[in-house]
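Please look at the sequence and the structure first.

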Amino acid sequence: IGDPAVMPAAYAETTTTTATTDDPPAGILRGVLEVGGMPFFPRVIDHNGEPLAMLASLGFNTVRLRQPADGGVLQEARQAGVWIICPPPDLPDVDVRDPESLPAFSPSWNRVLMWDLGEGLTANDVEAVAERARRVKTCDLRPGRPLIGSADSGLRTLSRHMDMFVARRRVLGTSLELDAYLEWLRQQPRLARPGTPFLVTIDSEVDPLVAAQMQALSGQASEGLSVDPGSLHLASYAAVAAGARGLLVRSTHRLDATDRDTLVRSAALRRLNIDLSLLEPWGAAGRFASTATTSDPAVEAVVLEAVRARMVLAWRSAQGSQ
């Protein structure tokens with residue numbers, strides 16, 4: 001495992017957790033994320049301190065942390081049946097050309113689905129991301145565990161050091177029409193290393209600046225004002241239609257509060273996950289087959305193929321529908 005005296009606290013803490021080999025390995029094969037050899041469509045939610053079992057009850061199968069997971073969280077995730085996405089632990093400053101000098105990740109980390117290299121990356125971060133990716137892959141006892149990240153620029157170069165990238169753009173509550181958003185999503189893979197699969201972020205809350213304006217006008221505080229549930233569904237359908245291999249729902253407020261805004265948001269996310277669970281075979285391993293035409297110009301429709309099954313995904317995309 002390595003000398004705990006030279007390990008960062010976050011790494012040393014997790015190595016004391018009881019190890020398990022029950023967690024199936026994750027990897028990417030021909031552009032498809034697989035867990036235990038089966039296609040997997042991550043439905044991810046940002047963690048804000050809620051019990052993981054509660055987030056699982058809303059239909060999420062993955063939780064994203066903003067810091068490396070400690071042993072308690074990893075065990076809680078295992079008991080709740082959810083996966084973890086988090087940054088890798090800090091590694092000592094040693095020569096990656098000498099693998100014997102690097103500490104190996106404990107099996108305690110096996111509940112981590114992917115390592116998150118950060119968001120808002122730019123072309124100036126290429127060297128640092130490449131070095132971190134080399135160290136993580138050298139230390140990881142599970143070869144092939146995906147590395148992900150999102151970039152504001154330099155995606156083509158940065159994606160050479162990632163297994164998946166995150167397409168991140170705020171759309172709900174803005175003037176961006178959903179048909180333009182769908183086209184933007186379709187363009188993103190062309191900016192990355194060819195063949196790199198991607199996740200898409202979806203906001204579950206109104207833009208904080210808009211929420212602040214509403215609070216100033218109404219005089220009432222909000223615990224994460226929910227976006228319109230219908231708009232949330234439309235944006236998610238657009239992501240699946242564009243070929244996203246998973247959805248990452250952005251959340252900055254706890255989902256276990258009892259105020260009206262939180263209850264509305266929780267109900268909308270639960271319903272969304274029910275729909276996504278039906279689409280999961282096509283989202284996880286399907287491919288775009290063709291665009292379907294309808295008699296209504298305000299209706300968008302695409303045909304997705306998976307194995308020997310086809311899914312026609314249709315939604316109304318009238319001007320201002322989101």
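Is serine 159 buried or exposed? Serine 159 is buried, because its relative accessible area is 0%. Buried means under 20% relative accessible area, exposed means over 50%, and partly exposed lies in between (1.4 Å probe, protein chains only). The place of serine 159 is the loop between helix 5 (155–158) and strand 9 (164–167). Helices (H or I, at least four residues) and strands (E, at least two) are DSSP runs, numbered from the N terminus. Apart from residues up to four places away in sequence, serine 159 touches Ala192, Arg193 and Thr196. Contact means heavy atoms within 4.5 Å.

The model is predicted, and local features need pLDDT of at least 70, side-chain atom pairs count only at pLDDT 80 or more, and totals for chains, interfaces and linings use all residues. Residues are numbered from 1 along each chain as its sequence is written, and side-chain values use heavy atoms, with hydrogens and water left out.

**The chain as a whole**

The chain holds 9 helices and 14 strands. Of its 322 residues, 49% are buried. Among contacts with a separation of 6 or more, 68% are between residues 24 or more positions apart. The accessible surface of the chain is about 14,900 Å², and carbon and sulfur atoms account for 53% of that surface. Such areas come from the Shrake-Rupley method with a 1.4 Å probe; for residues, only the protein chains shown count as cover.

**Nonpolar cores**

In soluble globular proteins, nonpolar side chains tend to be buried together. A nonpolar core is here a set of buried Ala, Val, Leu, Ile, Met, Phe, Trp, Tyr and Cys residues joined through side-chain atoms within 4.5 Å. The largest such core has 71 residues, and Ile84, Tyr181 and Val200 have the most contacts inside it. Helix 8 (residues 229–241) gives this core its largest share, 8 residues. A second, separate core has 14 residues, including Val35, Ile148, Met164 and Val166.

Tyrosine 181 has contacts with Arg169, Val171, Leu176, Val200, Thr201, Ile202, Ala235 and Ala238, leaving out residues up to four places away in sequence. Threonine 201 sits in strand 10 (residues 198–203). Threonine 201 is buried, since its relative accessible area is 4%. Beyond its neighbours within four places in sequence, threonine 201 is in contact with Val166, Ala167, Arg168, Arg169, Tyr181, Leu248 and Arg250.

**The largest pocket**

Rolling a probe the size of a water molecule over the atoms shows where empty space is left. On a 1 Å grid over the protein atoms alone, a pocket is an open set of points where a 1.4 Å probe fits, with protein on both sides within 12 Å along at least five of seven lines; lining residues have an atom within 4 Å of a point. The largest pocket has a volume of about 420 Å³. Its lining consists of 23 residues, and Pro189, Phe198, Ala242, Gly243 and Phe288 lie nearest the centre. Helix 6 (178–191), helix 8, helix 9 (260–285) and strand 12 (287–291) each supply at least two lining residues. The most, 4 residues, come from helix 6.

**Further buried residues**

Serine 251 lies in the loop between strand 11 (247–250) and helix 9. With a relative accessible area of 0%, serine 251 is buried.

Tryptophan 282 is part of helix 9. It counts as buried because its relative accessibility is 15%. Residues that tryptophan 282 touches, not counting those up to four places away in sequence, are Arg245, Leu304, Glu305, Ala306, Ala309, Arg310 and Met311.

The table gives one partner for each of these two residues.

| Pair | Separation in sequence | C-alpha to C-alpha distance |
|---|---|---|
| Serine 251 and asparagine 48 | 203 residues | 7.8 Å |
| Tryptophan 282 and glutamate 305 | 23 residues | 6.6 Å |

**Positive phi values**

Most residues other than glycine have a negative phi, and most peptide bonds are trans. Arginine 30, which is not a glycine, has a positive phi of about 50°. Arginine 30 lies in the loop between strand 1 (26–29) and strand 2 (32–35), and counts as exposed at 75% relative accessibility. Valine 307 also has a positive phi, near 55°. Valine 307 is in the loop between strand 13 (299–306) and strand 14 (309–316), and is exposed, with a relative accessible area of 81%.

Notes
Points joined across faces, edges and corners; volume = space filled by probe spheres on them.
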